Amino acid sequence: REKQLRTEREGGDAIRCFVAQDDREEAQYVAKEITQLIARDLSYDSIAIFFRTNAQARSFEEQLRFHAIPYRIVGGLSFYQREEIKDLLAYLHVALNPASHVDLLRILNVPARKLGASTAQKILHASQVTGIPSMYAAIEYLLQQDLLADTIEEPIEPSPQSSDEDEALLTLQSLRTQQRTGLLRFWEVIQATRDDLLHFTKPSEVLRQLIERVHYFDYIAQRAPDQAEDKQRNISELLHALEDFERDWHAQEREAL
């Protein structure tokens, strides 16, 4: 239907339109426009960016940070603070650095593997035993005892120095079969992802393999069906961010040659 748009306010700048080739160019344009507005003595509080979907926040946030422009997200979370993004990045962090306790605790039971808070606490206590340098090493020690992971490259050899450390090992070894099986499945995922990091040249491909390996889309569809589509869109945007990084990296390599 035809409409007539009008305002009772006089003056002001006319609306300007910019057609970008992609979301990255769009965000770059917006960031540069803000920089110019600030140079004309406008305040940051007088500037707002409206975007259509939550997934678009990633491009804008990266460009705002690059141009040192302060910002806050209204009515939502920063892109990299969203649950699904933190989950997948935590997997990559643990694959790169198995000693990262915070990341390991985040994903130990994501998706569900019958590994609750009690199991995590037992693993954490065992990681404090002399000779067991991390929670991941504690998991490998248990699997090593059960001969469930016969491909562990460096056997874990604890040397408890107190009754508390002896008790921590006994408590770890008391885990039931379903918890031990869950730990084996978790260990296999991390090991496979570590192997991917060694053999794939593209981080985006490593992430795609990980998503399929843990059936992450099925997990979010069951856990949060009303938000599943939005979460999948955010994950696609994370993959897009990695692809942008890959293109930039290869471009820099070509320039160096």
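The structure is a predicted model, in which local features need pLDDT of at least 70, side-chain atom pairs count only at pLDDT 80 or more, and totals for chains, interfaces and linings use all residues. Residues are numbered from 1 along each chain as its sequence is written, and side-chain values use heavy atoms, with hydrogens and water left out.

**Overall fold**

- The protein chain has 11 helices and zero strands, where helices (H or I, at least four residues) and strands (E, at least two) are DSSP runs numbered from the N terminus.
- The radius of gyration, taken over C-alpha atoms, is 24 Å, well over the 18 Å that the globule rule gives for 257 residues, so the chain is more spread out than a compact globule. That rule is 2.2 Å times the number of residues to the power 0.38.
- Along the principal axes, the C-alpha atoms fill a box of roughly 80 × 50 × 35 Å.
- Among contacts (heavy atoms within 4.5 Å) between residues at least 6 apart in sequence, 64% join residues at least 24 apart.

**Surface and charge**

- Of the 257 residues, 37% count as buried; buried means under 20% relative accessible area, exposed over 50%, and partly exposed in between (1.4 Å probe, protein chains only).
- The accessible surface comes to about 16700 Å², and carbon and sulfur atoms account for 50% of it; such areas come from the Shrake-Rupley method with a 1.4 Å probe.

**Helix α2**

- Helix α2 spans residues 57-66 and is mostly covered, with seven of its 10 residues buried.
- Those buried residues include Phe 60, Leu 64 and the charged-type residues Arg 58 and Glu 61.
- Their cover includes α1 (23-39) and α11 (228-256).
- Just after α2, Ala 68 takes a positive phi of about 55°.

**Aromatic pairs**

- The whole structure holds four aromatic pairs, defined by ring centres of Phe, Tyr and Trp (its six-membered ring) within 6.5 Å; planes under 30 degrees apart count as stacked, over 60 as edge-to-face and the rest as tilted.
- Phe 18 and Tyr 29 form a stacked pair, at 4.0 Å centre to centre and 5° between the planes.
- Phe 18 lies in the segment before α1 and Tyr 29 in helix α1, so this pair ties together parts that are 11 residues apart in sequence.
- Phe 18 is partly exposed at 38% relative accessibility, and Tyr 29 is partly exposed at 26%.
- The rings of Tyr 216 and Tyr 219 have centres 5.4 Å apart and planes at 50°, so the pair is tilted.
- Tyr 216 and Tyr 219 are three residues apart in helix α10 (residues 216-223), about one helical turn, and both are buried.
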